[in-house]
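Trainee: Please go through this structure with me, one topic at a time.

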Amino acid sequence: MTTPTDLIGDIHGHAGRLKALLRKLGYERKAGAYRHPDRKVIFVGDYIDRGPDSPEVVDIVRAMVDAGSAVALCGNHEFNAICYNTPKEGGGYLRPHTAKNTHQHAATLEQYRDKPGDYDSAIAWFRTLPLFLETEDLRAVHACWDEAVIRKLHKALGGAVLPESLLPEAAEKGTDLYHWVEVTCKGREADLPEGYNFHDKDGHERREIRIKWWQNPEGQSFQDMSVIPGLGLDHLPFRDIEATHYPTGSRPVFFGHYWLKGTPELLTPNACCLDYSVAKGGVLTAYRFDGELELNEGKLVWV
């Protein structure tokens, strides 16, 4: 991956924005896929759900991967879709068809309603997507690059793709593999002190926070470490014996997942989140990477 690379954040079914961003980055559709004469794309996951045209997003991304003009990682929405469609031994599915789980996947199910073959093909393709990517110049993951977790995951999987034989274990809460996949695809969490909770963007009660794993936790409060602002946790000193942070000086890491708001910006000189809430009125964001050790905020592009 020494080719100059454009990394693109969570798309969530917004095909129109994806096409506009690719054009802005200089990609043109040729022979059925978007291509650039000098560059390639790394997509960091979450192609489906919420937005108006998940099938077209999948088609665009998949065609680029097949043409060799992109690499696509697995996001938590793709992992959830795989489990939602994988039967569980003894009945049901690895991701139960509860009202909550079905609601999260409802837009995609509706958009594929009249083309079940395409839906099955998309799920089969999701199964082939790596959970993380590491090159000499950069790292990319959907939600969290925890070095120890990535190494354990790589050893358990024999690579970066989750084999179908390990899906039941990966979906079984309490197993090591479940924890490693959760951290990598959904982020690291820290339990709040007894008596504290909040409601997330979908109205679900939470007693833990997703933490800023790219930030040093020393001397921070729970609010400082929470990816969600305004929870009123400034007075609570942060405590989590497992918390680590992405080291200064490590190769740049790119990820999505966190529904950030406002104008895209770098989190640290070597950590870049590319999810700026396109499915919630925000923007679809990319970073134009050319091998630099210290990232440059001026290389963020969005539509």
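Trainee: Where does H257 lie?

Mentor: H257 lies in the loop between strand 12 (253-255) and strand 13. Strands (E, at least two residues) and helices (H or I, at least four) are DSSP runs, numbered from the N terminus. This is a predicted model, in which local features need pLDDT of at least 70 and side-chain atom pairs pLDDT 80 or more, while totals for chains, interfaces and linings use all residues. Residues are numbered from 1 along each chain as its sequence is written, and side-chain values use heavy atoms, without hydrogens and water.

Trainee: What is the phi of H257?

Mentor: Phi is near 85 degrees, a positive value in a residue other than glycine. Most residues other than glycine have a negative phi.

Trainee: Is H257 buried or exposed?

Mentor: H257 is buried, at a relative accessible area of 12%. Buried means under 20%, with a 1.4 Å probe and protein chains only.

Trainee: And what about D46, where is that?

Mentor: D46 sits in the loop between strand 4 (40-43) and helix 2 (54-67). D46 is not a glycine, yet its phi is positive, about 65 degrees. Its relative accessibility is 2%, so D46 counts as buried.

Trainee: Changing topic: in what order do the strands of the open sheet run?

Mentor: The order is 6-7-12-13, with mixed pairing. Strand 6 (132-134) and strand 13 (271-273) are at the edges with a single partner strand each, so one side of each has no neighbour in the sheet. Two strands pair if DSSP finds at least two bridges between them.

Trainee: How many bridges join strand 6 and strand 7?

Mentor: Three bridges join strand 6 to strand 7 (residues 139-141), in the antiparallel sense. One of the bridge partners in strand 7 is A140, which faces L133.

Trainee: Which helix packs on the sheet there?

Mentor: Helix 6 (residues 147-157) touches strand 6 and strand 7, and its direction makes about 105 degrees with that of strand 6. Contact means heavy atoms within 4.5 Å. Axes are lines fitted to C-alpha atoms, for helices over the stretch in contact, and angles run from 0 to 180 degrees between N-to-C directions.

Trainee: Last topic: how many cavities of 30 Å³ or more are there?

Mentor: The search of the whole structure finds one. A cavity is a set of points on a 1 Å grid over the protein atoms alone where a 1.4 Å probe fits but cannot get out, and lining residues have an atom within 4 Å of a point. The largest cavity has a volume of about 50 Å³; points are joined across faces, edges and corners, and the volume is the space filled by probe spheres set on them.

Trainee: What lines the largest cavity?

Mentor: The lining includes D49, H77, R95 and H105. Helix 3 gives the largest share, four residues.

Terms used. Buried < 20%, exposed > 50% of the residue type's maximum accessible area, 1.4 Å probe, protein only. 1 Å grid on protein atoms, 1.4 Å probe; cavity = no way out; pocket = protein on both sides within 12 Å on 5 of 7 lines; lining within 4 Å.
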